[in-house]
Amino acid sequence: QVQVVESGGGWVQPGGSLRLSCASSGRASRTRHMAWFRPAPGKVRESVATIKWNNGNRHTHAADSVKGRFTVSGDNGQNTIYLQMNTLEPEDTAVYYCAAGFGTPISSALNYASTYQYWGQGTQVTVSS
């Protein structure tokens, strides 16, 4: 069983920054992918940012709602990813979940929760004045 643990959440004022981290177990794989999700209206999880490793090359993607403000990164060992969140807005308030998966999904599938097999418990991010 792959363990996924998020940390780094907290409270910040609008315009502030937070850096989330996600530590996961399991050995590195050329087909591994991870992502950050948060609940959307109706409590359906939407992807915030994704990262995948392909033969040592990292490919990242950010959702339109956070593009330019959030950046996902990870180490080549594929055990830890980060979410650097800048210029936070009240609308960013949510529980952020880290997810991990193994396989060969097409790029567009990385935005869907069903693509990932392992999930953390979430870390709360609150943005308010």
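## Terms and basis of the model

A residue is called buried when its relative accessible area is under 20%, exposed when that area is over 50%, and partly exposed in between, using a 1.4 Å probe and protein chains only. By that rule Thr-87, at 45% relative accessibility, counts as partly exposed.

This is a predicted model, in which local features need pLDDT of at least 70 and side-chain atom pairs count only at pLDDT 80 or more, while totals for chains, interfaces and linings use all residues. Residues are numbered from 1 along each chain as its sequence is written, and side-chain values use heavy atoms, with hydrogens and water left out.

## The chain as a whole

The chain contains 0 helices and 11 strands, where helices (H or I, at least four residues) and strands (E, at least two) are DSSP runs numbered from the N terminus. Its C-alpha trace spans about 45 × 25 × 25 Å along the principal axes. The radius of gyration is 14 Å, which agrees with the value near 14 Å that a compact globule of 129 residues would have; this radius is taken over C-alpha atoms, and the globule rule is 2.2 Å times the number of residues to the power 0.38.

Of the 129 residues, 42% count as buried. Among contacts (heavy atoms within 4.5 Å) between residues at least 6 apart in sequence, 58% join residues at least 24 apart. The chain exposes about 6,600 Å², of which carbon and sulfur atoms supply 48%; such areas come from the Shrake-Rupley method with a 1.4 Å probe, and for residues only the protein chains shown count as cover.

Ser-47 is buried, with a relative accessible area of 13%, and Ala-49 counts as buried at 1% relative accessibility.

Leaving out residues up to four places away in sequence, Ser-47 touches Trp-36, Phe-37, Ala-63 and Asn-111. With Asn-111 there is also a side-chain to side-chain polar contact of 3.3 Å; a polar contact is a pair of N or O atoms within 3.5 Å, where within protein one must be able to donate a hydrogen and the other to accept it, and residues adjacent in sequence count only if both atoms are side-chain atoms. Ala-49, with neighbours within four places likewise left aside, is in contact with Ala-35, Trp-36, His-61, Ala-62, Val-72 and Leu-83. The C-alpha atoms of Ala-49 and Thr-60, which are 11 residues apart along the chain, are separated by 7.2 Å.

## Arg-32 in strand E4

Arg-32 lies in strand E4, which covers residues 32-39, and counts as buried at 0% relative accessibility. Its side chain makes a polar contact of 2.5 Å with the side chain of Ser-24. Although Arg-32 and Gln-78 are 46 residues apart along the chain, their C-alpha atoms are separated by 7.4 Å.

Apart from residues up to four places away in sequence, Arg-69 touches Gln-84, Met-85, Asn-86, Thr-87, Leu-88, Glu-89 and Asp-92.

Thr-87, one of those contacts of Arg-69, is found in the loop between strand E8 (80-85) and strand E9 (94-102). The phi angle of Thr-87 is near 50 degrees, a positive value in a residue other than glycine.
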